[in-house]
Amino acid sequence: MPSEGAAGCGRWSEMLESLLALGGLVLLRDSVEWEGRSFLKALIRKAALSGEQVRILGCEVSEEEFREGFDSDVNSRLVYHDLFRDPLNWSKTGEAPPGGPLGALRAMCKRTDPGPVTIAIDSLSWLLLRQPCTTVCQVLHALSHRTPCPGHSPAVEQVRVLGLLHEELHGPGPVGALSSLAQTEVTLGGTAGLDSAHIVFRRPRQRPTHQTQWFSILPDFSLDLQEGPRLECQPHPDPYTSPVDPTTHLTFNLRLSKKEKEARDGLTLPFQFSSEKQQALLRPGQGQAASHIFYEPDAYDDLDQEDPDDDLDV
Amino acid sequence: MAAVATCGAGAGGTESMAAATSKSNVTSFQRRGPRASGTDSGGPRLVSIAGTRPSVRNGQLLVSTGLPALDQLLGGGLAVGTVLLVEEDKYSIYSPLLFKYFLAEGIINGHTLLVASAKEDPADILQELPAPLLDDSCKKEFDEDVCNKKPESDIKMKIAWRYQLSPKMEVGPVTSSRFGHYYDVSKRIPRELIETSKWHGFFLPEKMSSADKVECCSLTPGYMKLLHFIQNIIYEEGFDGSNPQKKQRNILRIGIQSLGLPLWGDDVCCSENCDSSHSLSKFLYILRGLLRTSLSACIITMPTHLIQNKAIIARVTNLSDTVVALESFVGSERETNPLYKDYHGLIHIRQIPRLNNLICDESDVKDLAFKLKRKLFTIEAEWTVRERDRKKGLPLPLVHPPMAAAASALQPAHRPDPKPGAGYFFLVSHGVQGPSTWAILHCTPGP
């Protein structure tokens, strides 16, 4: 239905906007079952349609395959650096920038045109497998926190780095390190035909916000937001809905009537140190009437006042 | 520790000893010399550096961490010459606050700052320090907090007299403002204060040029540069007593943010068997050596949740003096737990140093939770019903059995017929799974 479609369009556009708005590193974590390249291309399309320049570092697929499916106006805005065809620069054509793939990234960082820039890395896993993790992190940090170069206007340069990470290829270490660098993290998953994206926004110095969106990607790489799957499956039982009432089965009285309250307040507790108690302690003779010792000797008690140890033969 | 040794046992020591230590000694013993003689320099002068005070236990020179509640938990403050390691919470929301409190306290007291970071520019960090609460506005801030409390807390508990004397956790401001100030997190520190203060910044991306790939003695280049930087500052500005100037001595407060991140060039967070596995330990060892021989105190925040090899975390803990860990409830199941709704996370004091001492000044309260209110970061003892947590099978933090005031955890006094109005609360109770000796010790009332 057209109205739904229009509403859907607005919503997916908002969602992608919110992903791109934060700037910094957007980490897309995908896996074998839920691939992320289509989502990456949807983000690239969104960025290109809003008039920005998008630079792509392509390592895993060829340029033709990557550009496939994009409209011509989107394609014209993409600047593609191809590392797939000749990653080690054996053909020595002089096109590849020095320093390898990281050098290419750094070069992207330096070419400052005014306006926001989006850099897409396909994929970060490729880089992590060939370069030390620390260097990759340092370069990504330098990209996302680019200080404005002298000579250009010091306007805020919004740099967005979209990185695709195949999380099954790496251990928890590199994935954790990259997540700590990322401003936004999107984990792709899904159930039974529907794709989902679990998004974590980590705004600086604020609590992270989580969001889960169900979507499907159309052939032209626009996003269509879906409702989630039917909620028959696993309604999470809230473990705290039925709290155990601690006031049942008590042997003492929690609810006192007014009289009882007065009686309780009037009671002097034995360990409360009041002035009467102090007096009683200082002058022990006066309170004697209250304390008596009642002693009833039984058959075995010896009331002889003499020293019982006299009987002993020591 | 340089310059702060106290003459412990030698109270009112001999003339020679006093003279030898007079210039650089901070001692609480003052020689009552004959003033009538007119000499001004007889006996040790009480040299006091702004923002420090001697510990009441052993005279160790202490500086404030910026949070008076944390000072109290650490036994009065952070000892000069030691390292305070803060283990960051998972999303690094609250640990930067402790970092900033430490630096802000330094600015207020006029100490020199050294801020090192690989992630943020130190100038930006300094811009975001919280503004200090002055004494007259302090009272207003706390009054508004008190009014928001629920009315039930007004009912005073009748406490057995023996326990009335036990110290309460201080939540309010202290009247003396020379040690430990309060800060308003919602406001920024005034620019004039930053400009008049002396600070040095170390931002790793600026200091490292791509040509430095040489690793010497298995220390990461980033750490090496930082150590050289710190050493230079200490030497040039005379914090280690090398320049016997006549001017007033000062404390150097060092803050290192997020040590161990891959941004420092250290891959301790990236893999379990990392190449530079000793780099971090060496750095801490050398840093502690630098600190012990100078008038400085250091705070380091470290994302230990990212470190893959647990043995390294243990080593790092041993190499630091005071270790505090923050655990925030964000993203964990405790966030929705109604028991924890008043708090934002737990704070664990993992280690307190024993400096020139056989025992350390541990506080009795082990369950501590923190909450970031709009303007304040507060640390309070946590009063919860642990039994409910245990029944649900949720993991409990490893702490001592808590002092619980909730009715269901109380073992009722075995009275078959409770008289109306009679009965009093024991301040402490033991868990339902069985009496623990700790609790019984406290339960025994006095004669």
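Which strands of chain B does helix α3 (residues 95-109) lie across? In this predicted model, local features were considered only at pLDDT of at least 70 and side-chain atom pairs only at pLDDT 80 or more, whereas totals for chains, interfaces and linings use all residues. Residues are numbered from 1 along each chain as its sequence is written, chains are lettered from A and ligands numbered from 1 in the order in which they are written, and side-chain values use heavy atoms, with hydrogens and water left out.

Helix α3 of chain B lies across β4 (83-87), β5 (112-117), β9 (252-257), β10 (296-302), β11 (322-328), β13 and β14 of that chain, and runs at about 160° to β9(B). Angles run from 0 to 180 degrees between N-to-C directions, with axes fitted to C-alpha atoms, for helices over the stretch in contact; contact means heavy atoms within 4.5 Å. Chain B has 13 helices and 14 strands in total, where helices (H or I, at least four residues) and strands (E, at least two) are DSSP runs numbered from the N terminus.

Nine strands of chain B form an open sheet with mixed pairing, in the order β8-β5-β9-β10-β4-β11-β12-β13-β14. Two strands pair if DSSP finds at least two bridges between them. At the edges stand β8 (199-203) and β14 (377-381) of chain B; each has a single partner strand, so one side of each is left without a neighbour in the sheet. On average, neighbouring strands are turned by 20° against each other, direction ignored. Strand β13 (residues 368-372) of chain B is antiparallel to β14(B) and joined to it by 5 bridges; B:A369 has B:E380 in β14(B) as its bridge partner.

Of the 447 residues of chain B, 47% are buried, that is, under 20% relative accessible area with a 1.4 Å probe and protein chains only (exposed is over 50%, partly exposed in between).

Backbone geometry was also examined. Most residues other than glycine have a negative phi, and most peptide bonds are trans. B:S258, in the loop between β9 and α10 (279-292) of chain B, has a positive phi near 50° and counts as buried because its relative accessibility is 5%. A:F221 has a positive phi of about 60° and lies in the loop between β8 (209-217) and β9 (223-226) of chain A. The peptide bond from A:D122 to A:S123 is cis, with omega near 0°, and A:S123 lies in the loop between β4 (117-122) and α6 (124-130) of chain A.
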